[in-house]
Amino acid sequence: MEEGLRIIPLGGLGEIGLNMMVLEYGERALVVDAGLMFPEDYMLGIDMVIPDISYLRAIREKIQAIILTHGHEDHIGALPFFLPELEGIPLYGTAFTLALLQEKVKEHKGVELKEYYVVKPRDVVTFGPIKVEFIRVCHSIPDCLALGIETPEGIIVHSGDFKLDSSADPGERTDLRKFAEYGERGVALLLSDSTNADKEGFSLSEREVGQRLEEIIRARKGRVIVALFASNVRRIQQLMEIAGRTGRKVVLVGKNVVVNSRLAAELGYLRLPPEGTLDLTRMGDFPPEKLLLITTGSQAEPMSVLSLMASESHKYLRVEKGDTIVLSSRFIPGNERSITHMINNLCRLGAEVIYSEMTPVHASGHAHRKELQLLLSLVQPRHLIPIHGEYRHLVQHLQLGREMGMAEEGLLLVEDGQIVTLKDGDLQLTGRVEVGKVFVDGKGVGDVEDVVLRDRRHLSEDGMVVPIMVVKGQTGELVSGPDIITRGVFFEERGGEVLERAKAKLLEMWQEISETGRSDETELEEEVRRVLKRFFKKEMGRRPVIIPVIIGM
């Protein structure tokens with residue numbers, strides 16, 4: 001007898017990013033998305049974060065497919081790290097999503113995707129007792145999908161990331177008719193995007209953003225540089241059309257913008273200017289008022305084009321007086337300080353910088369409350385589980401369900417790792433699996449853990465002290481030292497008096513130890529650490545990392 005349908009989020013519930021979910025029925029399982037998240041402030045030195053897939057390893061033989069809703073990093077970015085372990089499991093996604101993933105896998109592993117299937121909206125794929133229909137939704141990247149999932153325990157609708165934008169091309173608009181059809185058939189559970197559940201009204205349309213961008217570009221007499229998310233193909237298209245209407249040449253700058261534009265053009269999602277785009281090295285052939293640059297770096301990523309310009313480090317581009325720089329994106333939480341610093345530097349170099357807090361130059365790809373209400377009214381689910389968002393977003397989305405008249409027993413707040421079981425029309429939390437965050441640092445995956453981050457934070461806050469002593473192995477007699485090297489504690493030339501007092505404390509300690517005849521190296525190191533910790537705490541109110549170096553002769 002089956003134990004019901006199990007829904008297990010491995011990431012994405014309680015944070016922005018790491019989106020990954022397992023649907024499990026009997027001996028079959030589907031995985032929806034495999035995303036990464038970008039590091040938070042406390043994750044010093046970390047390049048990215050991916051989900052812990054311990055549970056996928058445990059059910060490896062059950063997994064029928066990995067289904068990708070769209071091509072953003074927070075939905076496909078972890079896959080290149082997992083694919084070797086999950087080899088043989090087929091991938092399903094739209095053409096643009098799989099093209100982006102192919103590029104990532106090539107760059108990361110130098111290999112081609114093996115078993116994958118391109119799907120289109122309203123295609124249906126069957127996996128034993130589970131049938132999945134792909135539903136077109138509008139987002140800030142082409143080729144996005146929601147999922148209509150028929151199971152023996154009822155219909156589940158997974159919204160993916162979505163918004164309602166009537167200004168989008170008909171082939172990109174959210175398929176409200178299909179959602180309404182599911183609502184008429186009866187939906188047991190809606191899993192719905194919560195990223196903007198705390199924002200009232202409707203999300204801004206891309207048409208409004210395009211109008212404002214055109215006003216800015218028409219009014220400027222110098223170069224205009226627009227920084228955006230490289231995946232926002234629709235906005236790149238808008239900018240190319242604006243360039244044509246305002247007599248400017250388009251220059252694509254930055255690897256991701258160039259690659260994504262090429263892929264989008266090859267698949268028919270982007271129409272390049274009739275005369276093509278201008279090579280970066282030919283910009284000098286045209287006056288500044290004839291140039292529109294589309295680039296990356298809106299999040300102040302260290303090696304992005306805009307960051308390099310702000311630090312005057314770019315090989316070809318320099319900020320010129322009269323430049324207008326538009327950040328056509330939101331400030332991702334955690335990046336605010338870096339972005340503000342970059343904006344200050346760009347302004348200092350003579351540019352005018354415009355960003356979304358000043359004027360509407362960016363529209364979110366996620367539904368606001370009115371759009372979430374409309375989806376709920378169409379789907380009419382018996383149960384709602386908010387997904388994709390921080391904890392506060394999930395709470396706000398549940399409150400919206402209450403406002404829409406849903407019964408309290410139909411609303412469930414779920415976090416990563418919790419097992420939700422749907423059986424005989426009831427939805428319950430029935431356990432927990434192992435989940436977590438795996439840190440990627442350079443080429444290392446998972447070799448940095450919380451204890452390492454704690455040490456990095458400690459070093460960044462209080463610095464490091466290295467006392468060095470040479471002793472006779474047999475007697476413990478001090479032959480040389482103590483010498484003390486510090487980093488990040490104080491400027492050593494000014495801290496000379498403090499260091500001399502620290503050395504005196506060590507000599508006192510050594511005298512006491514010599515009298516007792518102790519010479520065990522580990523014990524000596526611990527005693528040095530204890531004395532210096534107490535000394536620096538009393539003298540300076542700091543707790544530097546103490547690394548004793550005792551050299552035996």
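Biologist: Which residues does Thr-195 touch, not counting residues up to four places away in sequence?
Modeller: Thr-195 touches Ile-16, His-366, His-388 and His-393, leaving out residues up to four places away in sequence. Contact here means heavy atoms within 4.5 Å. This is a predicted model, where local features need pLDDT of at least 70, side-chain atom pairs count only at pLDDT 80 or more, and totals for chains, interfaces and linings use all residues. Residues are numbered from 1 along each chain as its sequence is written, and side-chain values use heavy atoms, with hydrogens and water left out.

Biologist: And where is Thr-195 placed?
Modeller: Thr-195 is in the loop between strand E13 (189-193) and H6. Helices (H or I, at least four residues) and strands (E, at least two) are DSSP runs, numbered from the N terminus.

Biologist: Is Thr-195 buried or exposed?
Modeller: Thr-195 counts as buried, at 10% relative accessibility. Buried means under 20% relative accessible area, exposed over 50%, and partly exposed in between (1.4 Å probe, protein chains only).

Biologist: What does the side chain of Thr-195 make a polar contact with?
Modeller: With the side chain of Asp-193, at 2.9 Å. A polar contact is a pair of N or O atoms within 3.5 Å; within protein, one must be able to donate a hydrogen and the other to accept it, and residues adjacent in sequence count only if both atoms are side-chain atoms.

Biologist: Changing topic: how many salt bridges are there in the whole structure?
Modeller: A search finds 34 salt bridges. The term means a side-chain nitrogen of Lys or Arg within 4 Å of a carboxyl oxygen of Asp or Glu.

Biologist: Which residue does Lys-255 pair with in a salt bridge?
Modeller: Glu-107, at 3.3 Å from N to O. Lys-255 is in helix H8 (residues 255-266) and Glu-107 in helix H4 (residues 95-109), so the pair ties together parts 148 residues apart in sequence. Both Lys-255 and Glu-107 are exposed.

Biologist: What about Lys-178 and its salt bridge?
Modeller: The side chain of Lys-178 meets that of Glu-133 at 3.1 Å, N to O. Lys-178 sits in helix H5 (residues 176-185) and Glu-133 in strand E10 (residues 130-137), 45 residues apart. Both Lys-178 and Glu-133 are buried.

Biologist: And which residue forms a salt bridge with Arg-223?
Modeller: Glu-320, with the closest N and O atoms 4.0 Å apart. Arg-223 is buried at 4% relative accessible area, while Glu-320 is partly exposed at 36% relative accessibility.
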